[in-house]
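Hi,

Here's the structure I promised to pass on. Have a look at it first, and then read my notes below.

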Amino acid sequence: MNKFDERDTMFARAHYTPGSEAYEDYYKRFPEKKDIDDSLRHRPDLCQEGTMTYNEINSPMGSSAFKFLADILPLCEGEVAEEKVEVNPKTMTKRIKGFAKHYGACVVGITKLQDYHIYSHRGRIESDYGKEVNLNHKYAIVFGCELNKEMINRAPMICEVIETTKSYVDASIIGMVLSYYIRSLGYDARNHMDKNYLVTPVLVARDAGLGDIGRNSVLTNKDYGSRLKLGVVTTDLPLEVDEYKDFGLEDFCNLCKKCAHNCPSHSLEVGPKFDEAGNYKWKVDKETCYVKWRYLGTDCGMCLSACPFSQNLETIKNAETFKGDEELIKKALMEYKKKFGQRVFVPGNPAWLR
């Protein structure tokens, strides 16, 4: 598997400053992307006035969280204590997982850091544009913060972006505390958080046994579905690793397709995972998806709420795996249909937002 270049993410592309070194370099290499990206730069950003969902009182709840996350970026790395404490990997793994859950993580896993987990070049922070990523840590600790189901079920309205930004903040704080703790023991550690990832969290989380990647390209957990935001801490602290767990998500997604059918920008593939030539097809059309985000003023979230695994269905909770079990998948989908119909979207805000 090849490394991914962060410069190619929509979050990087949409914010290159016209006339800057990053802007000139990127569109010299990819002139076909310039028009769509320039059009995005003329649109209001998430939570900003001019978007469909903008509210002068509620929208700043999301943008304030983004501002806080930007302010703490320099804290992701720090000095390591000179004296190294000798640790037992099994005991340390128990401590790390328990500590992360104590601060609010609902799931935690550990994997060896692989080359394909790491971005090839930086792009999100324009001052670091084009820098080759060198990350030599041995392990990755990955954790998920649960998105409140009722808030996410109001996607794509403001409730959704308030909840996703909260979970980004939760994950960043957990990562900060873990990395500060590990460095105090004499081992290097780096927190990877919104706008400052050197790794792709979804691949790390899959390999650490937290879930699998389905049709919507988001990590899907057996218990929480797509309602997770991920944080990662990489380190050389000796730890025990977890294994990938296959609970039959691919078989489920082959029949379900609800995320694709509910996507307002038609950015998800409704067909099979691979085409006849063997090319992987379950990818998000990132341009059409992100254009919709900028129109809505939220990060949409329709594919998160539409996923049956996100909805605490009894059939899913009671099943160990869906692999090769078409009848069990149909039973889960029938329960979903009886409970929600064709869409999960629920209008209205919680009382404190009214």
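Let's start with Lys 149, which counts as buried because its relative accessibility is 17%, and the cut-off for buried is under 20%. Keep in mind that this is a predicted model. Lys 149 makes a salt bridge with Glu 150, and their closest N and O atoms are 3.2 Å apart. Glu 150 is partly exposed, at 41% relative accessibility.

Asp 38 pairs with Lys 34, with 2.8 Å between the closest N and O atoms. Both sit in helix 3 (residues 34-41), and because they are four residues apart, about one helical turn separates them. Asp 38 is buried, with a relative accessible area of 16%, whereas Lys 34 is partly exposed at 31%.

Elsewhere, salt bridges with shared partners link Arg 13, Asp 37 and Glu 287 into one network.

Now for the rings. The structure has 17 aromatic pairs. In one of them, the ring centres of Phe 11 and Trp 293 are 5.7 Å apart and the planes make an angle of 45°, so this pair is tilted. Phe 11 belongs to helix 1 (residues 10-13) and Trp 293 to helix 11 (residues 286-296), so the pair ties together parts that are 282 residues apart in sequence. Phe 11 is partly exposed, at 34% relative accessibility, while Trp 293 is buried, with a relative accessible area of 17%.

What about Tyr 26 and Tyr 27? Their ring centres are 5.3 Å apart with planes at 85°, so that pair is edge-to-face. Both tyrosines are buried. They also belong to an aromatic cluster made up of Tyr 16, Tyr 23, Tyr 26, Tyr 27, Phe 30 and Tyr 129. The charged end of Arg 7 is over the ring of Tyr 129, 5.6 Å from its centre, and Lys 33 lies over the face of Phe 30, 4.3 Å from the ring centre.

On to the inside. In soluble globular proteins, nonpolar side chains tend to be buried together. Here the largest nonpolar core has 30 residues, and Leu 135, Val 142, Met 193 and Val 199 touch the most other members. Elements giving two or more residues to this core include helix 4 (59-71), strand 2 (139-146) and helix 7 (158-184). Leaving aside residues up to four places away in sequence, the contacts of Met 193 include Leu 69, Ile 72, Ser 172 and Met 176. Apart from that core lies another one of 20 residues, among them Ile 110, Cys 145, Ala 171 and Tyr 187.

How many disulfides did I find? The count is zero. Cys 263 is in none, and the nearest cysteine sulfur, on Cys 289, is 6.3 Å away. Cys 263 is buried, with a relative accessible area of 11%. Cys 307 is in no disulfide either, with the sulfur of Cys 256 nearest at 6.6 Å. Cys 307 is buried as well, at 9%.

Cheers!

Note on methods
Residues numbered from 1 in each chain as written. Predicted model: local features only at pLDDT ≥ 70, side-chain atom pairs only at ≥ 80, totals over all residues. Heavy atoms only, no water. Phe/Tyr/Trp six-rings, centres within 6.5 Å; stacked < 30°, edge-to-face > 60°. Buried < 20%, exposed > 50% of the residue type's maximum accessible area, 1.4 Å probe, protein only. Lys NZ or Arg CZ within 6 Å of the ring centre and 35° of its normal. Core = buried A, V, L, I, M, F, W, Y, C linked by side-chain atoms within 4.5 Å. Contact = heavy atoms within 4.5 Å. Disulfide = S-S within 2.5 Å. Salt bridge = Lys/Arg side-chain N within 4 Å of Asp/Glu carboxyl O.
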